[in-house]
Amino acid sequence: NYRLQQTALQSLTPCFAWRAPGANGFAWVVQSFLHELALAAGRDHAELLLELFGEPRWLEEGNIRALHTGRAAAVVRRAVELGAVRETLPAGRGRGLAFHFSYAGHVAIVADVTAVGPRQLRVDEVLVVADVGVIVNRSGAENQAEGSVVDALSTLAGLALTPRAGVIAEGNFDSYPLLRLAQAPRVRCEFIESDYSPTGLGEPIFPPVIPAVCNAIYNATGER
């Protein structure tokens, strides 16, 4: 059972496009909470996700923008396998898993995080496993995956706008810090090429990156 409510607030601040806007918030909340539920129940996180998917089925037959639980389970299983999610890691290191379906893309992410000092963290690697149907241009697909990861980590780590007397204080990338090359983790990509029509990679990879990193932080440090 669930209840979903929305409150519209009028804003005088002009807003423009952002990659996967609504899905980013939902993915972070839901996928972080499912990790908490798994820990509270003493369950393996991946196994809980697979159990929740249930039998392979399309939630709305023929609707490419509806979740297909079989495709969802396939990307999670492959991410667990490639990302060695169940491997025992040294103290201070953690791997986190997250799945999200948005913009017709089934995507699982595994993030590898190291605590490098008191409340200091480094994202070492991000694994992307996605099913968006047939891959038409592999280099373009990989570019979208890597760009989404960098975009998500930038948002997680340092992007903020500060209004002061009606003006945004940040004026350029020195004060609005996108992820620098030296901070960028290794990104691995795998695409499960199904017979479904291609549905695009511009947005669906971004949303599950942040909960995967947050779950990894908990696994590394015991703190959320």
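**Reading helix α5 and its chain**

User: How many of the 16 residues of α5 are buried?

Analyst: In α5, 13 of the 16 residues are buried, so the helix is largely enclosed by the rest of the structure. Buried means under 20% relative accessible area, exposed over 50%, and partly exposed in between (1.4 Å probe, protein chains only). Helices are DSSP runs (H or I, at least four residues) and strands likewise (E, at least two), numbered from the N terminus. The model is predicted: local features need pLDDT of at least 70, side-chain atom pairs count only at pLDDT 80 or more, and totals for chains, interfaces and linings use all residues. Residues are numbered from 1 along each chain as its sequence is written, and side-chain values use heavy atoms, leaving out hydrogens and water.

User: What span does α5 reach, and what follows it?

Analyst: The expected span of a helix is 1.5 Å times one less than its number of residues. Helix α5, residues 206–221, reaches 24 Å from its first C-alpha to its last, close to the expected 22 Å. Gly222 comes next, with a positive phi near 80 degrees.

User: Where is Pro90 placed, and is it buried or partly exposed?

Analyst: Pro90 sits in the loop between α3 (69–82) and β1 (93–102). Pro90 counts as partly exposed because its relative accessibility is 49%. Its C-alpha is 9.6 Å from that of Thr114, 24 residues apart in sequence.

User: How many helices and strands does the protein chain have?

Analyst: The chain has five helices and six strands, in the order α-α-α-β-β-β-α-β-β-β-α. Of its 224 residues, 41% are buried.
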